[in-house]
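Biologist: I would like a close look at one part of this model, and then at how its surroundings are built. Please keep it plain and give the cut-offs as you go.

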Amino acid sequence: MAKIVAVTGNEAVANALRQASPDVCAIYPITPQTDMMQKYASFIANGKVSTEPILVESEHSSMSACIGASAAGGRVITATSSQGLALMWEMLHIASGDRLPIIMPVVNRALSAPLNIHGDHSDAMGARDTGWIQIWSENAQDAYDNTIQAFRIGEHMDIRLPVMVCLDGFIISHSIERMEYLEDAEVKNFVGEFKNFLPLLDLDKPKSYGPLILTDYYHEYKRAQHEVMTKVKNVVLDVAKDFEKMSGRKYGLFESYRLDDADIALVILNSAAGTSKDVIDSFRNKGIKAGLLKPRLFRPFPYEEVAEALKNTKAVCVMDRADSFGGYGPMFMEISSALYQLKEKPALINKIYGLGGRDYMPSHAELVLNELNEIASSGKIRIVKEYIGVRE
Amino acid sequence: MAETTEIRWHGRGGQGTVTAAKVLADACLSGGRYVQAFPEYGPERAGAPLRAYNRVSSHELRMHCPVLEPDIVAVADATLLDSINVSEGAKENSIFLVNTTKAPKEVREKLKAGKNQKVFSVDATKIAIECFGRALPNAPMLGAICKITGLITLEHLLEDVKKSFGKKFSQKIIDGNLEATKRGYEEVKEG
């Protein structure tokens, strides 16, 4: 029986982690993730979970501890945000290169400078090329459900890769919302026992992780990493199917909202997608065929499926809560790449919104949808990339 | 009540306003409703003005942004009436609740409330001091919100106050808060 509660996103995810019974958890605080690991530490202290906590002195050490524990042969977790993820950077590549299925919630927060503790996607977008699987979450329920599924995806014997589960800092991590918890036994059964693959602690079969590979095989090694990423989509879909059987909640590679017959569409991640859906409904009520695509699996990115979902639209705006200064927003580049392969493609624009936690309001979605409506009828794009909600 | 009720709380850091929003969200879960409670996060300083929000709905709440047009405005500290515009974005039928020693009529004049806007006042700080000896107006404010909105029954609210305060405080403080919640419910006046 599911239990309906009103909790913060951080608490929801801490519970998902607890229900998966990890062996080791590396802990280092950073706003807005801190109270997720604080909650998890209280589970350990109160005997609710038997995870071994490792308190470290930095996020670089935190990821290093995870790498060691995972290579040793355990189910391993940590969580971070912003500067913490940035400090982990070199170790992120080692976790994925060594094919270690570490599960890490990332509570998305802006990067310094200037110092800002609020939610945007700069941190995780900066880590998109680290070889980690990335799954993004709209609300507390999504974040909880995605965290549970992440164990099955990352630990799958055909995959063995680390997974980041992204949720918006403060907007989701610190807001209380209604959501449903699954029973501990259901989650335990769904996630299953941790299966080892070449553990270092198997002393009868000594092995080495992270050796020196030069021009002889490095190229092949990286090709193999690419190859395994191509298998992730199917595993994500299979795991989602099983999850739906258990929970009744449906997940895919992305969510299509009123997109089937849409003329204009927004592509938007996480919590802002929810706000946008209400505005899409009001445009539909006015007779404007608006729709929305909310990516869920961002790495590997499902290019063909996204192109298929957007191919009948006339104008699309990709909304980025992160920027690549001097370039387009990171998600715009992906959508653009996906659509390029189509013979006939929609007009495409890019809006940067909500940096450093700037509120994303329904009025912003209205503004963009009105502009898309004009582009759809005139075929003319005023400007490709633009910041919205800027104080002039 | 409309399908979705949106509440904006105004308080000062350290008054328990954020806790009040959280307790209300939890209490409103009953009957299969959807709830949200979230503060506006700034530098957290005692005494600084802050806002917190609630949404309560029979439908799934997808909106993740501050409440701009509140159905209910709850002011936990009357000194805020002089420094910020608590009526900002209020609808023509919004309800105001202010913690003040003043009569609701005076508050109505101060707010320049419209004829379809209801104004209530409660001396929540006095009730709190009398019930548990501290100037934390959140429990009586919750009692008053319960009375004027009918979102939940008093019995249900008291259960939730007991549950959330029970984790942190002694029996004496919990009893004091329960009494304060009841008195807020009974003593709130319309003007």
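Between which helix and which strand of chain A is the loop where M157(A) lies?

Modeller: M157(A) is in the loop between helix 7 (140–155) and strand 7 (163–168) of chain A; helices (H or I, at least four residues) and strands (E, at least two) are DSSP runs numbered from the N terminus. The model is predicted, so local features need pLDDT of at least 70 and side-chain atom pairs count only at pLDDT 80 or more, while totals for chains, interfaces and linings use all residues, and side-chain values use heavy atoms, without hydrogens and water. Residues are numbered from 1 along each chain as its sequence is written, with chains lettered from A and ligands numbered from 1 in the order in which they are written.

M157(A) has a relative accessible area of 40% and is therefore partly exposed (buried is under 20%, exposed over 50%, partly exposed in between, with a 1.4 Å probe and protein chains only). Together with F197(A) and L198(A), M157(A) forms a nonpolar surface patch of about 290 Å² accessible area. Such patches take residues with over 30% relative accessible area and no salt bridge, joining like charges within 9 Å and nonpolar side chains (Val, Leu, Ile, Met, Phe, Trp, Tyr) within 5 Å; a salt bridge is a side-chain nitrogen of Lys or Arg within 4 Å of a carboxyl oxygen of Asp or Glu. The areas are Shrake-Rupley values with a 1.4 Å probe, and for residues only the protein chains shown count as cover.

Elsewhere in chain A, K188(A) lies in helix 8 (residues 184–191). With a relative accessible area of 54%, K188(A) is exposed. I148(A) is 40 residues from K188(A) in sequence and 9.5 Å from K188(A) in space, C-alpha to C-alpha.

N10(A), in helix 1 of chain A, is buried, with a relative accessible area of 0%. Leaving aside residues up to four places away in sequence, N10(A) touches residues including P32(A), D35(A), V107(A) and H174(A), where contact means heavy atoms within 4.5 Å.

Strand 10 (residues 264–267) of chain A points I264(A) and L266(A) one way and A265(A) and V267(A) the other, all of them buried. In a regular strand the side chains alternate between the two faces of the sheet. Strand 10 of chain A pairs with strand 11 (residues 290–295) of chain A in the parallel sense over four bridges; pairing requires that DSSP finds at least two bridges between two strands. L292(A) in strand 11 of chain A is the bridge partner of L266(A).
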